[in-house]
Amino acid sequence: MSFFRCFLIVLIVLLLSLSGSFGYLVYTLGEMEQLPEPDPPLTTRIYDCRDELMAVRYEENRVEVPLEQISEHLIKATLAVEDRRFYRHRGFDPAGLARALLNNIMGGQAAQGGSTITQQLAKNLYLSHERTLERKFREALYTIHLERRYHKDEILEMYLNTIYYGHGAYGAEAASQTYFGKSAADLSLGEAALLAGLPKGPAYYSPFLNQEAAEQRQKTVLNQMVAAGFISEAEKEAALQEELVFREPSAEESSAYFLDYVINTELAEFFNGDLGPVYRGGLHIYTTMDQEMQRLAQEIVEGIPFNLDEQGIRQPQGALVAIEPHTGYVRALVGGRNFKETSLNRALALRSPGSAFKPFVYAAALEQGLTAADRIKCEATSFTEPGLREPYTPTDVGGAFHNRELTLREALAKSCNIAAIKLHEQIGKEKAVEMARRLGITSPLGSYFSLPLGTGEVSLLELTAAFAAFANGGYHIKPIFIRKVVDAQGRVMLENEPQKERVLDPAVAFLMTDLLKDVLSEEGTARAAGSILKRPAAGKSGTAEGNRNAHMVGYTPQLVAGLYVGDDYEKPINLTGGGDAAPLWAWFMEHALKEVPPLDFEIPTGITSLPLCPESGLPRGPNCPEAERVEYFIKGTEPEGECLSCDPYWLPWLPSLRR
C-alpha cells in the first residue's frame with residue numbers, strides 16, 4: 001500500500017468521524033466538568049510481631065507511594081521507554097499518534113499504540129481495555145481533564161502507582177517488593193531498567209518466566225535511557241553487569257491457618273462481614289505471630305506419621321497453638337498439615353481433650369482447701385447418680401488399678417482416672433465446670449462423672465489459653481491475634497491491648513504448676529517430654545477414649561503451647577498424649593525458646609513448704625527416713641504435728657495426727 005493511499009484513507013476516516021463526533025465531543029466535555037476521583041483498589045499488608053511484612057491481600061496488589069519515594073532511576077527509565085516527551089506535551093504526542101495510526105493501517109489491524117503516559121493513566125483509571133472508537137474518544141476526554149487538573153509530577157506519580165508490572169503487582173512499590181523484595185526507593189539502575197520494561201508485556205518479559213527476554217528488554221530500556229540523555233554509555237554498561245537478585249513469590253503456606261483465622265474470623269467480625277476493606281483498602285494489619293514459631297509449628301504438624309484416607313488426605317491430622325501467657329498474644333497457630341490439602345482448622349474444632357482436662361478438677365480441689373499431700377485410694381469403684389441406668393465404673397489405662405492410696409501429686413502425675421473422678425465427686429461436680437469457665441473454657445460442659453477424663457469437647461485454642469492462668473499466676477487472658485489495624489491514611493482503626501483478669505489465687509496457680517511439673521518427671525505420663533525439654537516446664541497430656549486423639553498442653557513462664565493429634569473420622573490413631581504428643585510438644589518448646597534464657601516459676605506469697613515423711617505423708621519427724629521432697633502448701637492447709645509412726649516407741653493405738 002502506497003503512502004499516498006494511506007494518507008487518503010486517514011483523511012477520509014477523519015472527515016467522516018469528525019462530522020458526527022464534534023457535537024459528541026462538545027456535549028461530553030460539558031458533561032464531564034467533574035473528573036471522577038481515582039479510586040484504585042489498594043493492597044493490604046499484614047505484619048508479624050516484629051512488624052516484618054509476612055503477607056499481602058488484594059484485588060490488585062498495589063501500594064501507593066509518593067513520587068519522592070520512587071527511585072530516580074525508575075522514573076527516568078519509565079520516561080525513556082514510555083513517553084520521552086512527557087514534560088513537553090499537553091497529554092498528546094501528535095507525532096507518536098500519527099506514527100502509530102499509520103503503522104496500524106499498514107498492518108491492517110489496531111496492533112500498535114502511541115499512547116502517552118497521561119493517556120495510559122486515563123485508560124487505567126477510568127476505562128476498560130477494549131479497542132473501540134468510543135473508548136478512544138473517552139480516553140481523549142479523560143486525558144484532557146487529567147492534564148487540566150493535575151501537575152505533570154502528579155500525573156507521573158499516579159501512573160507509577162497504577163501501571164501493571166506482572167505477577168499481580170500494580171504500581172512501582174508492589175513491583176519492587178514482588179521482584180526484588182525491596183522498596184521502590186532503593187532500586188538500582190539495573191533493577192529499575194528491568195521493571196520499566198515489564199509493562200509492555202508483563203508475562204513475556206517476566207524474569208520469573210523468561211529470563212532471556214527480560215534481559216533483552218532491560219537492555220532496550222537502558223539504550224533508550226542513553227538516547228534520551230538520562231545516562232551515559234558507561235552507566236549503561238555498569239547496569240548490564242549488575243547481578244540481579246530476585247525474590248521468589250511467597251506461598252505463605254506455614255501461615256495459612258493463622259491468616260485465615262485473622263481475616264475470615266477476626267476482621268470479618270470487625271467489619272460486620274464485609275471484607276472489602278481488607279482486599280481493597282490498603283490496610284496495615286499488625287498481628288501477634290512469631291514467624292519462626294509459626295514455621296516450627298507447621299513443621300511439627302507436617303511431620304506426624306500418616307496414612308491416606310479415602311479422599312487422599314493424610315491422617316491423622318494435627319494442630320498446634322502457642323500463646324504468650326502474660327499478654328495473650330498468639331505466637332503461632334496451625335490447624336492442619338497443609339491448608340491447601342484441608343482448610344479445616346483443627347485448632348478451633350471441638351475435640352475430646354482426654355486427661356488434659358484433669359488440671360481443672362485439681363485446681364478446683366486446691367481452691368477448696370485440699371493439698372498436694374492429701375490421699376485418694378485408686379481401686380475399682382462404681383459411681384451412681386440419678387439418671388444413670390447403670391453404675392459408672394471407670395478404669396485406668398489398660399483396665400488396671402493402682403489398688404493403693406495416692407497423693408494428689410502422684411495421682412495427677414500418673415493421670416489416675418479413679419482418683420480424678422473421686423476428687424471430682426468429693427468437691428462437687430459443678431466445681432470443675434466452674435473452674436474451667438473462669439479460666440476461659442466456653443464450650444458446652446456437663447457436670448457428669450466422666451468430665452475429668454475429657455468427655456466434654458473443647459477447642460485446642462481455648463484449652464491452651466486456659467492453661468495460661470497456671471503459667472501467669474492466676475490471670476485469665478484473652479487470645480489476641482491482631483495488635484492493631486491502620487488504614488491507608490495512617491489512622492488507627494483497631495487496637496488490641498492485653499486483657500488480664502484475676503481468676504485464680506496466685507498460690508493455687510503455683511501449686512498447680514508444681515503438680516504439673518511432675519507430669520514431665522520420670523514418674524509422670526509425659527516423661528518423654530521431660531527428657532527433651534531442658535528448662536523448667538509443666539503440662540498435662542491426654543488421650544481420648546478409644547485412642548481417637550492425643551493432646552499435650554504445657555508451659556514455661558514465657559510460653560504456653562497446646563498440641564493435638566487426631567483422625568478426622570475419629571478412628572483410633574494408635575498414638576497417646578504422653579508417648580507421642582508430649583515429645584512433639586517438647587521439641588516445639590525447646591526450639592521456640594532456644595534464644596530465651598531458662599526461667600523457673602516464681603513462688604508467690606502465701607506458700608509454705610515442709611519436708612514430709614515418705615511413709616506417712618506427715619511432717620517429717622526425727623526418726624523418719626530422709627524426705628524425698630519438700631511439699632508446698634497454701635498457708636493454713638499444711639498438716640500439723642510430726643510423724644511418729646517411724647519412732648520405735650510409737651504406740652499404734654495413739655490417735656493419728658494426720659489431717
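**Entry 1: a sheet.** I began with an open sheet of five strands, whose order is β2-β1-β6-β16-β17 and whose pairing is mixed. Strands here are DSSP runs of E with at least two residues, and helices are runs of H or I with at least four residues, numbered from the N terminus. Two strands pair if DSSP finds at least two bridges between them. I noted β2 (53–57) and β17 (492–495) as the edge strands, each pairing on one side only. From one strand to the next, the twist averages 15°. I then looked at β1 (residues 44–47), which pairs with β2 in the antiparallel sense over four bridges. Opposite R45 I found V56 in β2.

**Entry 2: the source.** I recorded that this is a predicted model, in which local features need pLDDT of at least 70 and side-chain atom pairs count only at pLDDT 80 or more, while totals for chains, interfaces and linings use all residues. Residues are numbered from 1 along each chain as its sequence is written, and side-chain values use heavy atoms, with hydrogens and water left out.

**Entry 3: the whole protein.** I looked up the totals and found 21 helices and 23 strands. Of the 659 residues, 51% count as buried (under 20% relative accessible area, with exposed over 50% and partly exposed in between, for a 1.4 Å probe and protein chains only). Contact means heavy atoms within 4.5 Å. Among contacts with a separation of 6 or more, 68% join residues 24 or more positions apart.

**Entry 4: two helices.** I next examined helix α2 (residues 72–82) and helix α9 (residues 211–227), whose axes come within 8 Å and cross at roughly 85°. Axes are lines fitted to C-alpha atoms, for helices over the stretch in contact, and angles run from 0 to 180 degrees between N-to-C directions. The helices α2 and α9 are therefore roughly perpendicular to each other, a term for angles of 65 to 115 degrees. On the α2 side I listed H73, K76, A77, A80 and V81, which meet R217, V221, Q224 and M225 in α9. By class, this contact has five nonpolar, two polar and two charged residues (Ala, Val, Leu, Ile, Met, Phe, Trp, Tyr, Cys and Pro count as nonpolar, Asp, Glu, Lys and Arg as charged, and the others, Gly among them, as polar).

**Entry 5: L575.** I located L575 in the loop between β21 (560–566) and α21 (577–592). L575 counts as buried because its relative accessibility is 17%. Not counting residues up to four places away in sequence, L575 touches P316, T543, N547, A550, V565 and D580. I also noted R548, 27 residues from L575 along the chain, with 8.5 Å between their C-alpha atoms.

Terms used
Angles under 35 degrees count as roughly parallel, over 145 as roughly antiparallel, 65 to 115 as roughly perpendicular and the rest as oblique.
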